[in-house]
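Please open the structure in your viewer and keep the selection tool at hand.

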Amino acid sequence: MGTTFHGPSPWPHITRAIRTRGPRHAAIAHLGQDAPTLLPLRAGDVLVVNASRAAVRAHATSPIALAYYVDAGVRVLSSPNLHANVIATDRRAVIGSANASHSSTLADEAAVITDDPDIVAAVRRFIDDIDEITEVDQTFLDNATAEWQIGRAVPLPGVTSRGRADPGFLPATIPRMFLRHIVDFTPGPAEHHAWVTEARHRRGPAGPAAKYQLEWFHHDKSDSRLERGDVLIFVTADNEWIYPPAVVDSEAITILHAHGAIGHLLRSRADLSPIPVPDAEHTLADLGHPHPRLQVDHRIASPSLRTALLQLWNL
């Protein structure tokens, strides 16, 4: 094979190169929710990531991806100082700039893949010598999930990316809009499998000034049936924050072995911030909606209220 350079879209080459026998050792700074589709690791492999509180709160490293690898038998370790992206197999080494994330597939990234035994050994030593590591176990995952839920997507040095053309975010005509309160939920193995299966078919574009991300939404069949193109506005359980709109990006996905549960993929803007509910209510009152019912789950039937809610984020 020798040494080859791949860019500006190296992930297909990386994914092929690491599909080998024997253990793989990877140090990938940040993981998106669809990381397993890019970085197919298995039991016996080692993965070092930056799953620090700051990285998780900024939505740079996904607890869903972490849990997927842990469930698969991968030894996952977190190092708060990690910024490298390298992989070593028994015969090959990958050295590049790409995080295992959807945004990385949209940016101009690069990677060198080599079978030079000296470089393979050096990369392996680099990964094995990373210090300040913490084992990612169930307690770690529980804490990371809590951090993710109270955080929001914000730029981190070296994590932002320049996307390609964006055909639009919200549907030209919004069929339905719902307000829902965020419910604490820890995905299980069935949800991980459904998420990865669906996410690998959803590689949406991102605009040059604003990135978009896929999220997993789980709810019971007894809830209102959602359809592709529906818009969801989420409010925290304590009614303190209201989040920018998310668009349903899939039909209902039945979760096997999870009685009565279904899921959807949601697409949301990663550059928009949540707004304190009192501020939102004040703005909506100024726009002619003094009683917007932000503390009650409901379908938002009023076209003018839908428009006013979108105006909270200038959409």
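How many nonpolar, polar and charged residues does the lining of the largest cavity have? The lining has seven nonpolar, three polar and no charged residues, where Ala, Val, Leu, Ile, Met, Phe, Trp, Tyr, Cys and Pro count as nonpolar, Asp, Glu, Lys and Arg as charged, and the others, Gly among them, as polar. The model is a predicted one, in which local features need pLDDT of at least 70, side-chain atom pairs count only at pLDDT 80 or more, and totals for chains, interfaces and linings use all residues. Residues are numbered from 1 along each chain as its sequence is written, and side-chain values use heavy atoms, with hydrogens and water left out.

First, select Trp11, Ile14, Ile28, Asn85, Val86, Ile87, Val94, Gly96, Ser97 and Ala98, which line the largest cavity. A cavity is a set of points on a 1 Å grid over the protein atoms alone where a 1.4 Å probe fits but cannot get out, and lining residues have an atom within 4 Å of a point. The volume of the largest cavity is about 40 Å³, taken as the space filled by probe spheres set on the points.

Next, colour helix 1 (11-17), strand 5 (85-88) and strand 6 (93-96), each of which supplies at least two lining residues. Strand 5 contributes the most, with three residues. Helices (H or I, at least four residues) and strands (E, at least two) are DSSP runs, numbered from the N terminus.

Of its 315 residues, 52% count as buried, meaning under 20% relative accessible area with a 1.4 Å probe, protein chains only.

Conventions
Buried means under 20% relative accessible area, exposed over 50%, partly exposed in between (1.4 Å probe, protein chains only). On a 1 Å grid over the protein atoms alone, a cavity is a set of points where a 1.4 Å probe fits but cannot get out, and a pocket is an open set with protein on both sides within 12 Å along at least five of seven lines; lining residues have an atom within 4 Å of a point.
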